[in-house]
Every structure is written in C-alpha cells, then in structure tokens.
Amino acid sequence: QVQLVESGGGLVQPGGSLRLSCGASGFTFSGWTMSWYRQAPGKERRLVASISNTGGTTNYADSVKGRFTIARDNTKNTVYLQMNSLKPEDTAVYYCKAIEPKTIFGYWGQGTQVTVSS
C-alpha cells in the first residue's frame with residue numbers, strides 16, 4: 001500500500017532554514033506527481049509546492065516563491081522541500097501528498113510540524 005513518511009520538521013528561528021523529506025513506498029514513485037501542503041492552526045490545508053513525476057515542472061504558492069524549493073530523487077523515492085528565509089507565518093504542519101496519475105486520487109503522509117519562532 002502507499003506509504004508516505006515525512007521528516008525534517010522542527011523549531012527554527014525566523015530567517016532560518018529547514019529541509020523536509022518525504023520517503024515513499026508502495027507505488028511507482030517515478031510515475032506520480034508529488035506535492036507539499038501545509039496546515040496552520042485553525043486554517044485550511046493549502047498547497048505549498050508541487051513537482052511533476054520527472055521533476056521537470058514545479059509550481060509554488062505565491063507566499064513561498066523565491067524562498068522554498070521542491071525537488072525529488074526518483075532513485076531514492078524521496079521528495080524534498082528546502083525552506084529558506086523562514087517566517088513565523090510559515091508555522092504549520094507540513095504534509096506530503098502523492099497523486100495517483102490515472103485516478104488523481106491523493107494519498108497523504110502523517111505530517112511534520114514546522115515552527116518558526118524566536
């Protein structure tokens with residue numbers, strides 16, 4: 001079955017950096033689009049970034065453009081989110097999502113907490 005395991009979250013000061021990882025198993029990783037979402041307390045879960053199956057196409061929310069970078073390594077079945085110049089408003093639980101190419105059904109990881117605070 002599809003399994004997604006996020007890691008790399010934590011507490012960081014404003015202006016700092018973190019790299020999130022999402023390890024995938026149970027499906028043909030190189031054929032699926034992958035995304036990162038985040039959900040702040042009391043708010044809806046929102047798309048942060050997505051990357052096509054080959055890595056050739058990426059998309060970002062306006063709020064993170066120029067600060068976050070999504071990447072994937074299809075040899076390691078892993079997708080990454082490099083987060084730089086972090087702001088307190090980036091505080092959220094970050095979720096990895098895998099999108100099945102034929103049905104467009106999405107599978108979610110369990111999430112990893114990112115807290116940006118001094």
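## Strand order in the open sheet

In what order do the strands of the open sheet of 4 strands run, and with which pairing? In this predicted model, the order is β1-β3-β8-β7, and the pairing is antiparallel. At the edges stand β1 (3–7) and β7, each with a single partner strand, so one side of each has no neighbour in the sheet. From one strand to the next, the twist averages 15°.

Let's look inside the sheet at one pair of strands. β3 and β8 run antiparallel and are joined by 6 bridges. As an example of how they line up, Leu-20 has Leu-81 in β8 as its bridge partner.

## The nonpolar core

Leu-81 turns up again in the largest nonpolar core, which has 28 residues. Leu-81 is among those with the most contacts inside this core, along with Met-34, Trp-36, Val-79, Met-83 and Tyr-94. Several strands each supply at least two residues of the core: β3 (18–25), β4 (33–39), β5 (46–51), β7 (68–73), β8 (78–83), β9 (92–99) and β11 (112–116).

Setting aside residues up to four places away in sequence, Met-34 touches Leu-4, Phe-27, Phe-29, Ala-49, Ser-50, Ile-51, Ile-70, Arg-72, Val-79, Cys-96, Lys-97 and Ala-98.

## The disulfide

One of the residues touched by Met-34 is Cys-96, and this cysteine is joined to Cys-22 by a disulfide, with an S to S distance of 2.2 Å. The structure holds 1 disulfide. The pair links distant parts of the chain, with Cys-22 in strand β3 and Cys-96 in strand β9, 74 residues apart.

Are these two cysteines buried or exposed? Both Cys-22 and Cys-96 are buried. As for handedness, the torsion about their S-S bond is about -80°, so the disulfide is left-handed.

## A buried serine in a loop

Finally, have a look at Ser-52, which lies in the loop between β5 and β6 (58–60). Why does Ser-52 count as buried? Its relative accessibility is 16%, and buried means under 20%, so Ser-52 falls in that class.

Leaving out neighbours within four places in sequence, Ser-52 is in contact with Thr-33, Thr-57 and Arg-72.

Notes. Residues numbered from 1 in each chain as written. Predicted model: local features only at pLDDT ≥ 70, side-chain atom pairs only at ≥ 80, totals over all residues. Heavy atoms only, no water. Core = buried A, V, L, I, M, F, W, Y, C linked by side-chain atoms within 4.5 Å. Buried < 20%, exposed > 50% of the residue type's maximum accessible area, 1.4 Å probe, protein only. Contact = heavy atoms within 4.5 Å. Disulfide = S-S within 2.5 Å. Pairing = 2+ DSSP bridges. Axes fitted to C-alpha atoms, helices over the stretch in contact; angles between N-to-C directions.
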